[in-house]
Amino acid sequence: DDEGAVIINGFLFHAILLAVFMSLVLQNRARQRVVALASARAASAKQAEVEHAARKALQQFMSMFGHEVKTSLSAASLAIEQGINDPKLSRQGAQAIDNIDTLVVRCLQADRVDDGAMPVTLQRFDLLATLKHSVAHIEDGERLRWSGDFGGVVWADPWLSGIIFSNLAENALKYGRADVPVEIGAATTHQGDLCVTVCNAVDRQGLFDVDRVFEKFYRSEYAIRQSGAGLGLYLAKALAEQQGGDLSVEIDHQHRVTFSWTLKR
């Protein structure tokens with residue numbers, strides 16, 4: 001009897017252990033399922049958010065692209081039809097074609113930046129010569145006023161640096177007051193890097209949201225009135241950061257806009 005009781009108690013003990021073990025396993029599985037469901041919901045919500053942002057970006061792109069191309073093609077068509085002997089219309093036609101070309105180039109560049117496919121070749125080079133070469137073709141380039149210390153070499157990508165600066169200069173010339181020069185400056189930071197500044201004055205209606213100006217496709221109400229893709233400053237910011245530098249902007253109480261671009265020495 002005692003031996004039988006021991007055997008029975010042993011079975012009960014093992015049964016209890018098994019029950020406790022299974023209970024723990026089932027509780028753990030239940031917790032895992034709750035976590036998985038929560039993760040799935042979060043992933044689903046995140047995916048929905050990503051898809052919504054992608055659709056919004058696509059809508060912005062198609063709206064911008066359609067408007068810019070249609071406007072430029074209309075100007076080019078008018079120039080072709082009537083501007084053969086009219087220098088003004090001929091210039092407008094040439095500018096319209098250049099606008100389309102710039103739009104396509106910047107769209108392709110932005111796509112490569114987003115995919116991480118824009119090659120970066122860091123090297124030491126003379127920055128001033130590179131910057132002046134990048135804006136040699138810009139209309140109204142004589143409004144650029146150079147000052148400051150560009151001396152020494154920087155550690156960056158010459159080609160990408162040219163893209164950054166030409167975008168900043170074109171933006172300042174296009175949206176700045178025509179009666180005020182665009183000031184290009186340079187100075188060494190406390191960390192020993194080089195800070196290039198592009199400063200222009202705008203009227204009150206030319207003000208923009210400094211928190212959104214580097215967003216892809218962002219254009220202020222004033223900027224929408226002129227040709228543009230809303231990609232120039234987005235590209236400049238992304239390319240500056242890819243080289244280990246930075247790009248920021250501020251507007252003072254006199255409506256002077258200053259873009260500050262930092263490059264590594």
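Which residues do ring pairs link into a cluster? I went looking, and ring pairs join W146, F150 and F165.

**Ground rules.** I'm working on a predicted model, so local features need pLDDT of at least 70 and side-chain atom pairs count only at pLDDT 80 or more, while totals for chains, interfaces and linings use all residues. Residues are numbered from 1 along each chain as its sequence is written, and side-chain values use heavy atoms, with hydrogens and water left out.

**Overview.** I noted 5 helices and 7 strands in the protein chain. Helices (H or I, at least four residues) and strands (E, at least two) are DSSP runs, numbered from the N terminus. I read the order from the N terminus as α-α-β-α-β-β-α-β-β-α-β-β. Of the 265 residues in the protein chain, 35% are buried. Buried means under 20% relative accessible area, exposed over 50%, and partly exposed in between (1.4 Å probe, protein chains only).

**Rings.** I found 3 aromatic pairs in the structure. The W146 and F150 rings have centres 5.9 Å apart and planes at 55°, so I logged that pair as tilted. For W146 and F165 the centres are 5.5 Å apart and the planes at 40°, so this pair is tilted too. It links distant parts of the chain: W146 is in strand β2 (residues 144-146) and F165 in helix α4 (residues 158-175), 19 residues apart. My cut-offs: rings of Phe, Tyr and Trp (its six-membered ring) pair if their centres lie within 6.5 Å, and planes under 30 degrees apart count as stacked, over 60 as edge-to-face and the rest as tilted. I also checked cover: F165 is buried at 0% relative accessible area, F150 is buried at 7%, and W146 is partly exposed at 27%.

**Charges over rings.** The charged end of K132 sits over the ring of W146, 5.3 Å from its centre. K237 has its charged end over the ring of F214, 5.2 Å from the centre. I count a charge as over a ring if NZ of Lys or CZ of Arg is within 6 Å of the ring centre and within 35 degrees of the ring normal.

**Strand β5.** Is β5 enclosed or open? I get 7 of the 8 residues of β5 (residues 194-201) buried, so the strand is largely enclosed by the rest of the structure. Strand β4 (residues 182-188) runs antiparallel to β5, joined by 6 bridges, with I184 opposite V198. Two strands pair if DSSP finds at least two bridges between them. The β4 and β5 hairpin has 5 residues between the strands, and G192 there takes a positive phi near 90°. β5 also pairs with strand β7 (residues 256-263) in the antiparallel sense, over 8 bridges, and N200 stands opposite V257 in β7.

Most residues other than glycine have a negative phi. I flagged D140, which has a positive phi of about 65° although it is not a glycine. D140 lies in the loop between α3 (127-134) and β2 and is partly exposed at 34% relative accessibility. H255 is also not a glycine, and its phi is positive, near 65°. I placed H255 in the loop between β6 (246-251) and β7, where H255 counts as buried at 18% relative accessibility.
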